[in-house]
Amino acid sequence: MKRREFLGGLMSGVVVAASGAILQPNKSWADTSKATASSAGTRSLAITKRVIEVNGKAADVFGLVQPDGAVGLTLDADATFDVTLSIQGGEATLIHWHGLAPPWNMDGVPDNPAALLKATETRHYAFPVGPGGTHWMHAHTLQEQNLLAAPLIVQSADDRQRVEQEVVILLHDFSFTPAEELLAKLKGSSRGHGMDHGAMMQGMASNMHGGHMSGMAMPGMAAMDLNDIEYDAYLANDRTLDDPEVVRVENGGRVRLRIINGATATAFTIDTGALTGQLIAVDGQPVQPVSGTRFPISMGQRLDIRLELPKSAEAYPILALREGAEHRTGIILAPAGAKISRIASRGKDRGPVVGLELEQQLVAAVPLAVRPADRRFELTLTGSMSGYDWRIEGGDSLNVREGERIEVVMRNMSMMSHPMHLHGHHFQVVDIGGKAFAGAVRDTVLVPPMGSVSVVFDANNPGRWPLHCHHLYHMASGMMSFVAYA
Ligand SMILES: [Cu+2]
C-alpha cells in the first residue's frame, strides 16, 4: 500500500462502517498529553458511548473524555485531583483511579464504599494527586472489557520542562462478545457445571478456540495456562495494526513512552524493535534505568520507556506482543518523510511468556524506608479452568492498624499467572521465589504459576482496600481480598 493511501485512512475525518454507522474518527492521543496540562481548575470528565471500527466492523464502546475531546486526564503532580465525573449514555458505572491513593470513599470500586454513579448524577472528586507517574482509570466492573478505561497521566515539573515528546499507549483486548457472556462461558454456566477442561474448551469454540497453550512450562512442571480468552482484536489507542496510530516524532528526537496495559485478560511484551529503550518507571514509580528492547507488561501495569531516536527519516514501530500467541498490536513512531509499511496483526512467532526476569532486575529509585514488618500475611492463590473458581486463601480480610508496616506473601498454587493489585497504596517488591531483594515500588505485581512474591507497604491510608487479581474474569470469579483498617 502506498503511504498516502495509508495515511489517508488514518486522517479522514469521518469513517462510515460497513453497517452504515458513522464512526468517530480515531483521534491521535499522543499529542493531547501536554496540550491539556497545567490548566487549573475543576476538570469535567464524562463517561460516553462511542462507536469505533474494529476489524472493519462498528463496535459500540465506552469513552472517558473531557469536554474538548481529550481522552482521560493529564494532571500536574502535587496539585489537587479536582474532577467532576458524569455519565452521558445512560448506564450506571463508577471509575477507579488506578495508581493514585485517594481517600477510600473516592477509590471507585462500586459499594466499597461509594455507590455506583447514576446516569443523571455528577460526582465531584477532590484529593491530592501525589507525585508524577503514568496511571490510568477504569471501571471496576465488567464494563472495563468494553473499553471503559483511559490514561491518567500525572506530570511533574521536570516532566514538563524536559525536551522530550510523551507518547501514551493504552493497550486493550477487544471482543464483540459481551463480557457477561465471556464470563458465563468461562464459568461453564451456559453448559452446566462440573464440566472438565476439554469439554469446556470445546464448548467455547468461537471465542475461546486455541486459548490454552501447553508445553511452554519448565521441564517437570505441569503445563501453564496463558490465555483464557481468544479476543477479536488487540488494540493500541483503540486501533489494530491494520490501521495503527502513527505518531509524528522529531527526527533524532527523544521520546518517553507511557505504556498502560488496560487489557482485561491479556499480558503483552513491549517490543521496541530497532530502538534500545530505557525503562525508567513501572506503575508510575521511578526505577533505576534498565536498557532493553523487550519489556513484559501484565494487566493493570504501566511502563515508562525512554527512547533516543536516531537521525534518520525512518519509521519505528512500537509493538505489544500477546503472551504465548502470534497476535500483536502497537503504534508507529514516524518522523516527517518516513515510509510507513503495513505490519500484520499476527507475527511469525508467539509472544514470550511473561515472567519475573525483568522484575528481579528492578530497583526502586525511591525505595520505602527500611523497617521490619509489624504484621505478615501469607496468601495462597488457587483456582483452575475447571469450574473457573479463583480464590485468595487466607485473605478474606487482612486486618491491619494504621501506621504499621505490612508484609504480604503471595504463593500461587495455580497454573495461571495472576497480576495482583493493591488499591490505595504503593508496595515494594521484596522477595521473589524465596530470594529477598529491594525491588521496585509499584501497585501491581505478577505472581507466576507455582511462584511466590512478597511485597511490603505502609498502612497510611485507612479504608477497606481491594487486593485482587487484575485479570478481570479471575476477579469476577472470586480472586479478591481486602486490606482493612479504620
Ligand atoms: Cu488471576
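## Overall picture

Take the contacts in the chain between residues at least 6 apart in sequence: 74% of them join residues at least 24 apart. Here, two residues are in contact if their C-beta atoms, placed from the backbone, lie within 7 Å. Please keep in mind that this is a predicted model: local features need pLDDT of at least 70, side-chain atom pairs count only at pLDDT 80 or more, and totals for chains, interfaces and linings use all residues. Residues are numbered from 1 along each chain as its sequence is written.

The chain has eight helices and 33 strands; helices (H or I, at least four residues) and strands (E, at least two) are DSSP runs, numbered from the N terminus. Of its 486 residues, 47% are buried. A residue is called buried if 20 or more other C-beta atoms lie within 10 Å of its own, exposed if 12 or fewer, and partly exposed in between, with C-beta atoms placed from the backbone.

Let us look at β14, which spans residues 254–261. Seven of its eight residues are buried, so the strand is largely enclosed by the rest of the structure.

Strands pair if DSSP finds at least two bridges between them. Seven bridges join β14 to β11 (residues 165–174), and these two strands run parallel; Q165 stands opposite V255 of β14. Seven bridges also join β14 to β19 (residues 302–308), but here the strands run antiparallel. In this pairing, I260 has R302 of β19 as its bridge partner.

## A five-stranded open sheet

An open sheet of mixed pairing is formed by five strands in the order β13-β21-β20-β15-β18. At its edges stand β13 (246–248) and β18 (294–297), each with a single partner strand, so one side of each is left without a neighbour in the sheet. On average, neighbouring strands of this sheet are turned by 20° against each other, direction ignored. The axes are lines fitted to C-alpha atoms, for helices over the stretch in contact, and angles run from 0 to 180 degrees between N-to-C directions.

One of the bridge partners here is R294 of β18, which pairs with D271.

## The two sides of helix α4

Helix α4 covers residues 179–187, and L182, K185 and L186 in it are buried. They cover an arc of only 100° around the axis, which puts them on the same side of α4; the arc is that of the directions from the helix axis to the C-beta atoms. An α-helix has 3.6 residues a turn, so residues three or four places apart point the same way.

On the face of α4 turned away from its buried side are the exposed residues E180 and E181. After α4 comes G188, with a positive phi near 75°.

## Backbone details in the loops

Most residues other than glycine have a negative phi, and most peptide bonds are trans. N55 has a positive phi near 55° and is found in the loop between β3 (43–54) and β4 (57–65). This residue has 13 C-beta neighbours inside 10 Å and therefore counts as partly exposed.

D78, also not a glycine, has a positive phi of about 60°. Its place is in the loop between β5 (73–76) and β6 (80–87), and D78 counts as partly exposed because it has 13 C-beta neighbours inside 10 Å. Finally, N112 and P113 are joined by a cis peptide bond, with omega about -10°; P113 lies in the loop between β7 (95–98) and β8 (122–128).
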